[in-house]
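Q: Hey, could you walk me through this structure? I'm new to it.

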Amino acid sequence: MNDKTRNLIPWVVLVAAVGGLVTYRNPWLDPSRSEPPGPATASRPGYSAWPPAPALPTTPPRATSDAALPGGGTFIGSRCGAKGFHHFTPPVTPVPAPTGRGERRGRGTPGPQLVLGSYGFGRDGAHDQGEFTIGLLLGPGTERVLELSGPLGPEGVAVEIEGPEGIVGGAYGLPVTLSDDGARSPEGKIRITPGSGGSAVVTLPAQALCPGYDGFALQPVLVAPTGSSNTIIGDPPYRLTVSISDPAVGALRRAAGSPLTGDVLSADNRIDTAYDAPAEDPARAAV
């Protein structure tokens, strides 16, 4: 584990369902080691190297060229500004929306599960461009074992960040670090068992953001808004989606009788429990 990983900012920790209710906090995101950017003060000594948090661009993102990323993966520069793009097409069969407050999206749907356990942006210092670190939780959603090809599906992991202006960052073929090397079989398969599930970490470097966008500017808009009583009142303004594709996903869905079809397994940062949506926007409570 390197210092960059340990020093990332603990921005979001989610409660996830992977074959049951699981509370997950990535222990690598250590609040004692880092905090959001801002000037040093008497109560914040030692943070003078951090610049003020930048603002989001006021002009739409412009498409650029796709490019290889340091450490692996490909930046989807040609998709900057595109709306609704996903490198892996999500499952085509919709999951029923929650019908009441506190009900989870997709509750009771059998078959493989993928959720975001944590995510946040961090830098080593003023001269480091930084990266998003995303913790993934997986479960088979059935009594059978899910065996994925490496690195996590044969094509790796795809990540997209999209706002009202379209795609503002993303990449595919990203490398993955398994939290438990013991999950890898001698044949190279990654075994996700019913009892313990599995977890992994994927990183999206700042070079995968569209021109003009900064990770610290995006981080707050990837978090759900809250009301005056500190309760969540809607989904995050910007959507973070993580996807993998593996024939084993489709096979286990069919075996489990899942209403979802296809080989793609995806998760995003939308709130997974129903909330009281404004009367003029009932669709916000739907998937």
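Here is a chat that goes from the overall picture to the details.

Q: What kind of model is this, and how are residues numbered?
A: The model is predicted, so local features need pLDDT of at least 70 and side-chain atom pairs count only at pLDDT 80 or more, while totals for chains, interfaces and linings use all residues. Residues are numbered from 1 along each chain as its sequence is written, and side-chain values use heavy atoms, with hydrogens and water left out.

Q: Ok, how many helices and strands are there in the protein chain?
A: There are three helices and 15 strands. Both are DSSP runs numbered from the N terminus: helices are H or I with at least four residues, strands are E with at least two.

Q: And how much of the protein chain is buried?
A: Of the 287 residues, 45% are buried. Buried means under 20% relative accessible area, exposed means over 50%, and partly exposed is in between, with a 1.4 Å probe and protein chains only.

Q: Let's zoom in. Why is β7 called largely enclosed?
A: Strand β7 covers residues 131-139, and nine of its nine residues are buried, so the rest of the structure largely encloses it. E131, T133, G135, L137 and G139 point one way, F132, I134, L136 and L138 point the other way, and all are buried.

Q: Which strands does β7 pair with?
A: Strand β6 (residues 113-122) runs antiparallel to β7, joined by nine bridges. Strand β13 (residues 198-205) also pairs with β7 in the antiparallel sense, over eight bridges. Two strands pair if DSSP finds at least two bridges between them.

Q: Which residues are bridge partners there?
A: G120 has T133 in β7 as its bridge partner, and L136 has A200 in β13.

Q: Switching topic: which residues touch the most other members of the largest nonpolar core?
A: That core has 45 residues, and I134, L148, V157, I161 and L218 touch the most other members. A nonpolar core is a set of buried Ala, Val, Leu, Ile, Met, Phe, Trp, Tyr and Cys residues joined through side-chain atoms within 4.5 Å.

Q: What is L218 in contact with?
A: Leaving aside neighbours within four places in sequence, L218 contacts L56, F132, I161, V168, L209, Y213 and Y238.

Q: How many disulfides does the structure hold?
A: It holds one disulfide, which is a pair of cysteine sulfur atoms within 2.5 Å. C80 and C210 form it, with their sulfur atoms 2.1 Å apart. C80 lies in the loop between β5 (74-75) and β6 and C210 in the loop between β13 and α2 (215-218), so the pair ties together parts that are 130 residues apart in sequence.

Q: Are C80 and C210 buried or exposed, and which hand does the link have?
A: Both C80 and C210 are buried. The link is left-handed, with -95° about the S-S bond.

Q: How many salt bridges are there?
A: There are four, each a side-chain nitrogen of Lys or Arg within 4 Å of a carboxyl oxygen of Asp or Glu. One of them joins R191 and E147, with the closest N and O atoms 2.7 Å apart. R191 lies in strand β12 (residues 190-192) and E147 in strand β8 (residues 146-148), so the pair ties together parts that are 44 residues apart in sequence.

Q: Which residues does D268 form salt bridges with?
A: D268 forms one with R239, closest N and O atoms 2.8 Å apart, and one with R270, at 2.9 Å. Salt bridges that share partners join R239, D268 and R270 into one network.

Q: Last one: where is P54, and what does it touch?
A: P54 lies in the loop between β3 (21-23) and β4 (67-68). Not counting residues up to four places away in sequence, P54 touches D214, F216 and A217.

Notes: Contact = heavy atoms within 4.5 Å.
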